[in-house]
Amino acid sequence: MSNTNTDFDPALLAGEFVKMYGGSGKDVRIFASPARINIIGEHIDYNGGKVFPAAIDKYLYVAIRKRADTTITYNDIKFPGTYTFDVNENFTYRKENDYANYLNGIMSILKRRGCVFPCGFDVLMVSNVPPAGGISSSSALECGFAYAVSEIFGFDISRKDIALIGQQSEHEFMSVNCGIMDQFIIATAKKDTAELLDCATIEYEYVPLELGDYRFVVMNTKKKRQLADSKYNERRSQCEQGLEVLKAAAAPLPAGGTYTNTRDLPDLCSLTVAQFESCKNVLADPVIRSRVRHCVTENERVTEAVAALKAGNLALLGELLKASHESLRTDYEVTGIELDTLSDAANAQEGCIGARMTGAGFGGCAIALVHKDYIDSFIAAVQEKYTKRIGHDAGFFACSSGDGVRELK
């Protein structure tokens, strides 16, 4: 049913650390950083929208121990190669450093914030999060590492700041103009809840994730994609163009939203759907208009989805998942044949009440809300359809909610 047969047992990590680095295991500290799914609210975190993510019970683990000198060493159990640096160096992005760039980006930001490192440290990592799968393996890496370093050196950085440091590192070091959602949910999540996060204000609310007999099944296309190499930044630029056109048009808006004229809009998600309909004709470029329409309608779907979950109306939540995927397919154009095949096959199965892509798209993962009694037959049927059309298998696992980044005792 799942990919758990490839999962690493974190209880073994301290032993592997001592095998690699020597010394005693008593000073090795181990931290867990979760993957996440975004239930709904896609590609609007950077447009001032509301999103509704949850951490899941798939984790990246960071084992870390201080050294007596100023050397930093990174190793990963599943990825060969040792990366060695000095804590006093000026960290810069280098392609050959691979995943170490994410860690060095965090180090660069921490040092700029005034964090002083009296010594170096050794790191050994292992992840049970599918890489480049759209459930935020890179943010789990950033936040897990930042939290681990903060804890062992006593920096006492807040969870909110852990998230902001991760985002800043992506922007400045990795050249990915991401929103705040991924890092925020990973840093602040609580088990058995999802978070309604207002990305414009960083205000958030924990919402009980009560799914009854239903479970989220994550479906991995196994199509690798990297945000920096995809059209992610292009979509963000198109949204910025749309906002510029709306502001320049200075079009009056009907009552019902916060703003009464498009010139005053701080972001696209400040528009209501009715207001968008009233001013959409100033967006002469049909592509830009479609991008804006997705942002506005998706933001409204988030509000409706949270209300549906609070009311126990899982059927409505499922319909909103379907509508979200369709908007991402037609208006935002970030799905592609793999994600569409998974979503369409999932929605056709008995026991599934809704499915959609999750994450940035262009490959990665989709999620489906499936009755627990149908999970095995659901996976078998969707796998068959996917393999027949795409030519290779997808990956599947049912998941539960998880806690945010934390130390394992």
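# Briefing: strand pairing, cores and selected buried residues

Three bridges join strand 1 to strand 12 (residues 406–408), and these two strands run antiparallel. Helices (H or I, at least four residues) and strands (E, at least two) are DSSP runs, numbered from the N terminus, and two strands pair if DSSP finds at least two bridges between them. This is a predicted model in which local features need pLDDT of at least 70 and side-chain atom pairs count only at pLDDT 80 or more, whereas totals for chains, interfaces and linings use all residues. Residues are numbered from 1 along each chain as its sequence is written, and side-chain values use heavy atoms, with hydrogens and water left out.

- Phe 31 has Val 62 of strand 2 as its bridge partner.
- Strand 1 (residues 29–40) is largely enclosed by the rest of the structure, because 11 of its 12 residues are buried; buried means under 20% relative accessible area, exposed over 50%, and partly exposed in between (1.4 Å probe, protein chains only).
- Lys 58 lies in strand 2 (residues 50–66) and counts as buried because its relative accessibility is 5%.
- The side chain of Lys 58 makes a polar contact with the side chain of Asp 7, at 2.8 Å; a polar contact is a pair of N or O atoms within 3.5 Å, where within protein one must be able to donate a hydrogen and the other to accept it, and residues adjacent in sequence count only if both atoms are side-chain atoms.

**Strand 5 and its partners**

- Seven bridges join strand 5 to strand 2, and the two run antiparallel; Ala 63 stands opposite Leu 124 of strand 5.
- Strand 3 pairs with strand 5 in the parallel sense over five bridges, and Tyr 74 stands opposite Val 123 of strand 5.
- Seven of the seven residues of strand 5 (residues 121–127) are buried, so this strand is largely enclosed by the rest of the structure.
- Phe 121, Val 123, Met 125 and Ser 127 point one way from strand 5, while Asp 122, Leu 124 and Val 126 point the other way; all are buried.

**Surroundings of Asp 76**

- Asp 76 lies in strand 3 (residues 71–76), and its relative accessibility of 11% is why it counts as buried.
- Not counting residues up to four places away in sequence, Asp 76 touches Tyr 99, Leu 124, Met 125 and Val 126, where contact means heavy atoms within 4.5 Å.
- A polar atom of the side chain of Asp 76 lies 3.3 Å from the backbone nitrogen of Phe 79.
- The C-alpha atoms of Asp 76 and Ala 100 are 10.0 Å apart in space, and the two residues are 24 residues apart in sequence.

**Open sheet and packed helices**

- Four strands form an open sheet in the order 9-10-8-11, with antiparallel pairing.
- Strand 9 (352–358) and strand 11 (395–399) stand at the edges, each with a single partner strand, so one side of each has no neighbour in the sheet.
- From one strand to the next, the twist averages 20 degrees; axes are lines fitted to C-alpha atoms, for helices over the stretch in contact, and angles run from 0 to 180 degrees between N-to-C directions.
- Strand 8 (residues 214–220) pairs with strand 11 in the antiparallel sense over five bridges, and the bridge partner of Phe 216 in strand 11 is Cys 399.
- Helix 10 (residues 337–347) lies across strand 8, strand 9, strand 10 (365–371) and strand 11, running at about 170 degrees to strand 9.
- Helix 11 (residues 375–390) packs on the sheet and touches strand 8, strand 9, strand 10 and strand 11; its direction makes about 25 degrees with that of strand 8.

**Nonpolar cores**

- The largest nonpolar core has 129 residues, of which Ile 39, Phe 52, Tyr 74, Phe 117, Phe 121, Met 219 and Phe 378 touch the most other members.
- Helix 3 (residues 137–152) gives the most to this core, with nine residues.
- A second, separate core of 12 residues includes Val 28, Ile 30, Tyr 59 and Tyr 61.
- A nonpolar core is a set of buried Ala, Val, Leu, Ile, Met, Phe, Trp, Tyr and Cys residues joined through side-chain atoms within 4.5 Å.

**Cysteines**

- A search of the whole structure finds zero disulfides, a disulfide being a pair of cysteine sulfur atoms within 2.5 Å.
- The sulfur of Cys 119 is too far for a bond, because the closest cysteine sulfur, in Cys 115, is 14 Å away.
- Cys 269 is in no disulfide, and the nearest cysteine sulfur, that of Cys 295, is 5.3 Å away.
- Cys 119 is buried, with a relative accessible area of 10%, and Cys 269 counts as buried at 9% relative accessibility.
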